[in-house]
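Please examine the strand pairing in the structure shown below.

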Amino acid sequence: MSTAAQVIERYRKLKSGRHNWDQHWQELADYCIPNKNDIYSSRSRGEKKFDRLYDSTAIHTVELLASALHGMLTNPSTFFFELTTGDPTVDGRDDVRTWFQDVVEKIHLVLNNSNFQTEIHEVYLDLVTFGTAPMQIISDKEFGIRFLSHPIYNCYIAENNKGVVDEIYIELKWTAKRIKQEFGEDALKELMDKDASFNKDPQAEFKVIHAIYPRKVYDNKGLPNKFKFASEYILEQYTYTLNESGFRSFPYVVPRWVKTSYETYGRSPAMKALPEIKMLNAMMLVTIRAAQKVVDPPLMIPNDGVMLPVRTIPGGLNFIDRGGDEIRPLITGGRLDLSFEMMNDVRRRIKDAFFVDQLQLQEGPQMTATEVLQRTEEKLRLLGPILGRQQFELLRPMVERVFQILLRNKTFQEPPEILQGAEFQIQYSSQIAKSQRVSESQNLNRALQVIAPLVEFDPAIMDVFDGDEAARIASKMFGVPQRMLRNEEDVDNIRQARSQATAELQERDDMQAQAEVVNKLGQAGG
């Protein structure tokens, strides 16, 4: 069996075992992201996709949570990660801190100058709706790094024995024209020799499978088709390999919101709230009908007392026999207020599923800035455990992948000698990570508050504390840029200069005092 046939067999096997997920995702897309509801039914371009919805609460809450994740995890205006060796002694060296800061700044600049912010928002939308959101990260000549978000319903994934996704098969629909532009005429020569029909209609669409999977035998220092992860584009209809290459590391991040041990695909907040979302749409439809009956009620017309036709337009005239009954509206007695109350309760449960209370400050009595900050930090800490998986499956592999690409492109300066060959770890400094670290600063404040009264009796107690180290640790907790902090050599020079200036001033004061004494003695002797 050829490699192309093996890849297609693997792809079809993964596809056949995912039918239930596709049905679930279609329903989620219909109610939460109508723009992506083409999983089973393909609509015409420009066709309306919101005509089946009667309430947009789910759409708004999905966008709110996705935007909140964007701001809390990958805020474009702040550094959301740091580098560390895991050894505080090495990390504390001035040259190491400076180099790490330079690397972080360059990675942050590359991310903001690429299409990262656009694609990561699509990832968050898919993540909170479908529970799984693949994103490709590859080298790009123009932007340095290029990102591409794929909807999960076009992707088929598999895990390794550690529960990490290391296989992905992307289903693409490309025209014959695009296939030629993408791979060139030479890649299609053998195919067109066998079947010239491929070349008849440039706009004819074909299914192309992009397969990325680990090779059993690889050489990351050799040619791309020997790298650790194989990359193959295969024309399924003809079982024909269009291109074969590879990647040194897995070029995708595949974050999942939550995942059970026996499932490969993740589950999302939208899945948890789906019963309430469907119920709310059904309730809204019934309420609309009830409101129409109240505003424009059906009429009760006597059988033989009215001259037809009945005119219900404003100013319409209806003629009634002298002995006939009048036209009367049919009062149903519907309780719209009860319906609105029930719908608001369902809306609240939907918002709870999407953590709206944790994302927004609730209205209440006037609070000080300190109280607002404390409440915000408490809410973010509550979200910390929920978003822990995103640090492992999204942020860490993404930063590592970007770092490896930029390192091969020689974007960074030469690292200090102590870092040559060393392995680095990612330490997160996003808004949530900083909120989780606030407890450390609070512990420091409490300790100083307890010790402060004792210092008044014995100032030598402060000798226990290393003030310089405390200042650096506190700066790191709150994400103070390294370039704002002086290195230890500069601090020593400043202190020596200050000490020397103080000594010179003291010496000058002593000489002046001695001169005054001599002057007074001379006057007394005279």
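**Strand pairing and a covering helix**

Strand β6 (residues 205-214) and β5 are joined by eight bridges and pair in the antiparallel sense; T175 has E205 as its bridge partner in β6. Helices (H or I, at least four residues) and strands (E, at least two) are DSSP runs, numbered from the N terminus, and two strands pair if DSSP finds at least two bridges between them. The model is predicted: local features need pLDDT of at least 70, side-chain atom pairs count only at pLDDT 80 or more, and totals for chains, interfaces and linings use all residues. Residues are numbered from 1 along each chain as its sequence is written, and side-chain values use heavy atoms, with hydrogens and water left out.

Strand β5 (residues 165-175) is mostly covered, with 10 of its 11 residues buried (under 20% relative accessible area, 1.4 Å probe, protein chains only). Strand β4 (residues 155-159) runs antiparallel to β5 and is joined to β5 by five bridges; C155 has I170 as its bridge partner in β5. Five residues separate β4 from β5 in a hairpin, and in its turn G163 has a positive phi of about 80 degrees.

Elsewhere, three strands form an open sheet in the order β3-β2-β9, with antiparallel pairing. Its edge strands, β3 (144-149) and β9 (252-253), each pair on one side only. Strand β2 (residues 135-140) is antiparallel to β3 and joined to β3 by six bridges, and Q136 has L148 as its bridge partner in β3. Helix α6 (residues 116-130) lies across β2 and β3 and runs at about 25 degrees to β3; axes are lines fitted to C-alpha atoms, for helices over the stretch in contact (heavy atoms within 4.5 Å), and angles run from 0 to 180 degrees between N-to-C directions.

Note on methods
Buried < 20%, exposed > 50% of the residue type's maximum accessible area, 1.4 Å probe, protein only.
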